[in-house]
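Here are my notes for you, written as numbered points.

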Amino acid sequence: MPLDDLNDLPLAALHQEFGGKMVPFAGYSMPVQYTAGVMAEHLHTRGKAGLFDVSHMGQIVVRGPGAAEALECLTPISVVELPEGRQRYALLTTDTGGVADDLMVANRGDHHLLVVNGAMKHADLRLLQAGLPGIEVSMLRDRALLALQGPLAAEVLDRLVPGVAEMRFMDVGTFDWLGAPLWISRSGYTGEDGFEISVPAAAAIGFAQALLGHADVLPIGLGARDSLRLEAGMPLYGQDLTPDISPIEAGLGWAIQKVRRTGGARAGGFPGADRILADLDNGPSRQRVGLRPQTRAPMRAGVPLYATEDAAEPIGIVTSGGFGPSIGAPIAMGYVPAGTSTDAVLYGDVRGKRLPVAVADLPFHQPRYVR
Amino acid sequence: MKYTEEHEWLDAKDEVITIGITEHAATQLGDVVFIELPDVGREVTKGEEIVVIESVKAASDISAPLDGEITEVNEALAETPGLVNEDAEAAWFFRMTTTTPEEMDGMMDEDGYKEFVGE
């Protein structure tokens, strides 16, 4: 079943059963929320465990001799030193030092598995195929991707798949569920402990139902996925990360290991290395920061930021924003000039009114990973 | 009770009309997190956007259903926007007087509104 030729993903029937409100997203029909609603789904994930269908994301296998070295020509992270059974956050960069996509790279022994954004997966596939000559690069078309997130995720999943509770944050492994090989990583996009589970499409509904059969597990839509990742300070590709923004401006310098930086044994050698390493060495001109609107009005993506209430020209922009259910207040992230201090008060233009917004540290919600 | 195609309900008592949004609209909006109400005494024209509602998902507006003047707003709603999701029929937004009361005759009644939203 070629998933990317379909508008519906393997779990479409299940979304319907749980009252999913379906919207078009990344070329698929995806649930933005279920009957509980975004707020309840968000809080349930922070308190217990939430199940997300993220099958729209791309799962790309890279296999062949020298694949790790070759991947380093496309990404500033160290792939060569990524041990088998481990996963790492990565970026594909553009020739001008911007971000082409952000992704996870897992070393699964005889291949690397790349999990990329749904809206970018076809472009990523082309970029990888062109950039990795002689190496097998293929999009998996017969696997769904689920995420089980929240403080009870490990306990719930371990009952179905014994052994997963022993994994540490960013471990990956293959497990069996009733004969179906599950590719599991202990990771996620919510700021909670949890797992991402690649499951054969044919077993996806049965596996999801088994998880949802647990009283502590609720299905969670994309709406809460967005508010959870926003509270966790995680950037969203297409909003907070774009081809115009360097990884350093985005505050992702931590993802670039020493060995790939200036003076490292394998420094540079990735697209846009000049700008990215210069940003690392000299500091960028703008930076991604957290933002806390000082009134109740949320500030959403696109709100321009001004230094004062009557300044003529904006100095920054909101790239993601909304309401943080666990914070109980509006929160946002955006770009401001480098050196803008935490707690500095700027003004966002909301429907023609300049409203105060304070620069804040990210994340808003401290992650609870099991390291 | 009268209803508009913008999913507002209007409850007229004497000269004063109380306005809110329908349960159908509240459900569609999702969890409401912010409401901006108009100033009392403001003269409004029909169709003018006078209330901002932000839910966890998006921002939307309520427009004035009639020409007239705002006489009272529900400050409790600005304090606790989630009241709209708890009971949309009770969570009124504002009260107004109108210069065109006859326009209400052309609005939908409850059955008409139910048919309009396909319930």
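1. Let's begin with chain A as a whole. Of its 371 residues, 50% count as buried. Here a residue is buried if 20 or more other C-beta atoms lie within 10 Å of its own, exposed if 12 or fewer, and partly exposed in between, with C-beta atoms placed from the backbone.

2. A word on what you're looking at: this is a predicted model, where local features need pLDDT of at least 70, side-chain atom pairs count only at pLDDT 80 or more, and totals for chains, interfaces and linings use all residues. Residues are numbered from 1 along each chain as its sequence is written, while chains are lettered from A and ligands numbered from 1 in the order in which they are written. The model scores ipTM 0.83 and pTM 0.93.

3. How big is chain A? Its C-alpha trace spans about 65 × 50 × 35 Å along the principal axes. The radius of gyration is 21 Å, which agrees with a compact globule because 371 residues would give one near 21 Å. That radius is taken over C-alpha atoms, and the globule rule is 2.2 Å times the number of residues to the power 0.38.

4. Chain A has eight helices and 19 strands; helices (H or I, at least four residues) and strands (E, at least two) are DSSP runs, numbered from the N terminus. Among contacts in chain A between residues at least 6 apart in sequence, 68% join residues at least 24 apart. Two residues are in contact if their C-beta atoms, placed from the backbone, lie within 7 Å.

5. Find the open sheet of five strands in chain A, with the order S5-S6-S7-S4-S8 and antiparallel pairing. Its edge strands, each pairing on one side only, are S5 and S8 (136-139) of chain A. Neighbouring strands of this sheet are turned by 25° against each other on average, direction ignored. Helix H4 (residues 121-131) of chain A packs on the sheet, and its direction makes about 10° with that of S4(A). For these angles, axes are lines fitted to C-alpha atoms, for helices over the stretch in contact, and angles run from 0 to 180 degrees between N-to-C directions.

6. Two strands pair if DSSP finds at least two bridges between them. Four bridges join S4(A) to S8(A), also antiparallel, with A:Ile60 opposite A:Met139.

7. Take a closer look at S8(A). In a regular strand the side chains alternate between the two faces of the sheet. The covered face of S8(A) has A:Val137 and A:Met139, and the uncovered one has A:Glu136 and A:Ser138.

8. Helix H8 (residues 273-282) of chain A has A:Arg275, A:Ile276, A:Leu277 and A:Asp279 as its buried residues. Those buried residues pack against strand S5 (87-93) of chain A. Just after H8(A), A:Gly283 takes a positive phi of about 90°.

9. Some backbone details deserve a click. A:Arg351, in the loop between S18 (345-350) and S19 of chain A, has a phi near 50°, a positive value in a residue other than glycine. A:Arg351 counts as exposed because it has 12 C-beta neighbours inside 10 Å. Further along, the peptide bond from A:Leu362 to A:Pro363 is cis, with omega near -5°; A:Pro363 sits in the segment after S19 (353-360) of chain A.

10. Over to chain B, which averages a pLDDT of 95, with 100% of the residues scoring at least 70. pLDDT is the predictor's confidence in each residue, from 0 to 100. Chain B has an open sheet of six strands in the order S1-S2-S3-S9-S8-S5, with antiparallel pairing. Strands S2 (residues 8-13) and S3 (residues 16-21) of chain B are joined by six bridges. In the loop between S1 and S2 of chain B lies B:His7, which has a positive phi of about 65° although it is not a glycine.

11. Lastly, where do the chains meet? The contact takes 12 residues from chain A and nine residues from chain B. Helix H2 (38-47), helix H7 (222-231) and strand S16 (316-324) of chain A each give two or more residues to the side that touches chain B.
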